[in-house]
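User: Hi! I am new to reading protein models, and I would like to go through this one step by step. Could you help me?

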Amino acid sequence: MTTEEKYMARCIELARLGAGHAAPNPMVGCVIIHNNTIIGEGYHQKHGQAHAEVNAINSVTNEDLLKESTIYVSLEPCAHYGLTPPCSDLIIRKEIPRVVIGSIDPFAKVAGKGIEKLLNAGVDVKTGVLKKECDELNKRFFTFHQKKRPYIILKWAQTTDGFIDIDRNEENYGQPTWITGPSALLRVHQMRAEEDAIMVGTNTAEKDNPSLTVRLIKGKNPLRIVLDRELRLDKNLNLFDNSTETLVFNAIENQVDKKTEYIKVDFQNELLQQILATLHSKNKLSLIVEGGLQLLESFISAGLWDEAHVFIGDKTFGSGIKAPVLPQIADSSELIENDRLTIFKNPANEKPVSDHRE
């Protein structure tokens, strides 16, 4: 790893501290180097608050050193007024002579304006350091702005013999069928805390009675989403406890009940697109689709997924509901105690960028 890559890696490390809080803005990290020493660093901590570059510059105790420093930032500094002033203007005003950037927007009509401002002011700009890693960091943000939908992560647990559930009867409704162990469950809760929304179908809500909240770790709850076409689900289910923001897509009515919003949609006409458009309008950058089988397969058949996180437990059912099958080869795999997490990526949906920070 080169010196520049080392400092950009630190930017990425800092940026990740904003996971679950920066959205709908991107996660961005920044370090300031003077004579091979970090004199300032920062990250975008929360949407609506100061950007990474501002926090890094403000952390420098001797501002005179800025005129002899290099600033590293994982995403091109913004050039427009949103909720905060342009970071490119701040860099120019502080007379920082050199800027090293990870991700830039390749679509000239959309972005590149931050770099253009810096170059016009005589700043030495280098781009593309750890570009792949910086692009990966903000895949949700890029997908949201280019494709006008959230980044979609399918998630399910299956047994070693390929089942996601037993055959249910009325006696075993209302409780989940546990396939994986406590460490895998902890990972799921961490995942929920880092994504913006989570969705289940009617049958899963009824059979498992999930809460879809973050309980095992410290973090924010995702927006809960459930399909309930005929509004037949029991209002005593955990999803209707008004403990956190919840959307109920149905075919009957629009209504708001405390933290639960009922949204009427046409179930006969591109249902998934209607749901995704609603989430886009609500600035939700990412969506976990957690089941059941029918809902998962509808996203798979429509090609509307970016990643699939498949937890494989050490149990066997012998019979039951078969897990979805993806044609793709797994991108990565890891052991979590006795369980295995396998991650698939949809090659058809990789990958593009767009700079729309506010």
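**A first walk through the model**

Analyst: Happy to! This is a predicted model, and its protein chain holds ten helices and 17 strands. The radius of gyration is 23 Å, close to the 21 Å from the globule rule for 358 residues, so the chain is as compact as a globular protein of that length.

User: How much of the protein chain is buried?

Analyst: A residue counts as buried when its relative accessible area is under 20%. Applied to the 358 residues of the protein chain, buried residues come to 51%.

User: Among contacts between residues at least 6 apart in sequence, what share joins residues at least 24 apart?

Analyst: Two residues are in contact when heavy atoms lie within 4.5 Å. Taking the contacts in the protein chain between residues at least 6 apart, the share that joins residues at least 24 apart is 70%.

User: Which element gives the most residues to the largest nonpolar core?

Analyst: That core has 32 residues, and Leu154, Trp156, Ile225, Leu287 and Phe299 are those with the most contacts inside it. Elements giving two or more residues include strand 6 (151-158), strand 9 (223-227), strand 13 (286-291) and helix 10 (293-302). The top contributor, with five residues, is helix 9.

User: How many residues are in the second, separate core?

Analyst: Cys30, Ala52, Ile101 and Val125 are among its members. The number of residues in this second core is 24.

User: Why is helix 6 largely enclosed by the rest of the structure?

Analyst: Helix 6 spans residues 139-147. Its buried residues are Lys139, Arg140, Phe141, Phe142, Thr143, Phe144 and His145. Helix 6 is largely enclosed because the buried part amounts to seven of its nine residues.

User: Is Leu223 buried or exposed?

Analyst: Leu223 is found in strand 9. Its contacts beyond four places in sequence include Asp196, Ile198, Thr246, Leu247 and Lys284. Its relative accessibility is 2%, and the cut-off is under 20%, so Leu223 counts as buried.

User: How far is the C-alpha atom of Leu223 from that of Cys11?

Analyst: Along the chain, Leu223 and Cys11 are 212 residues apart.

User: Where does Pro24 lie, with its cis peptide bond from Ala23?

Analyst: Most peptide bonds are trans. The bond from Ala23 to Pro24 is cis, with omega near 10 degrees. Pro24 lies in the loop between helix 1 (3-15) and strand 1 (29-34).

User: What is phi of Leu231?

Analyst: Most residues other than glycine have a negative phi. Asn209, in the loop between helix 8 and strand 9, has a positive phi near 50 degrees. Leu231 lies in the loop between strand 9 and strand 10, and its phi is also positive, near 55 degrees.

Definitions and conventions
Residues numbered from 1 in each chain as written. Predicted model: local features only at pLDDT ≥ 70, side-chain atom pairs only at ≥ 80, totals over all residues. Heavy atoms only, no water. Buried < 20%, exposed > 50% of the residue type's maximum accessible area, 1.4 Å probe, protein only. Helix = DSSP H or I, 4+ residues; strand = E, 2+ residues; numbered from the N terminus. Rg over C-alpha atoms; globule rule 2.2 N^0.38 Å. Core = buried A, V, L, I, M, F, W, Y, C linked by side-chain atoms within 4.5 Å.
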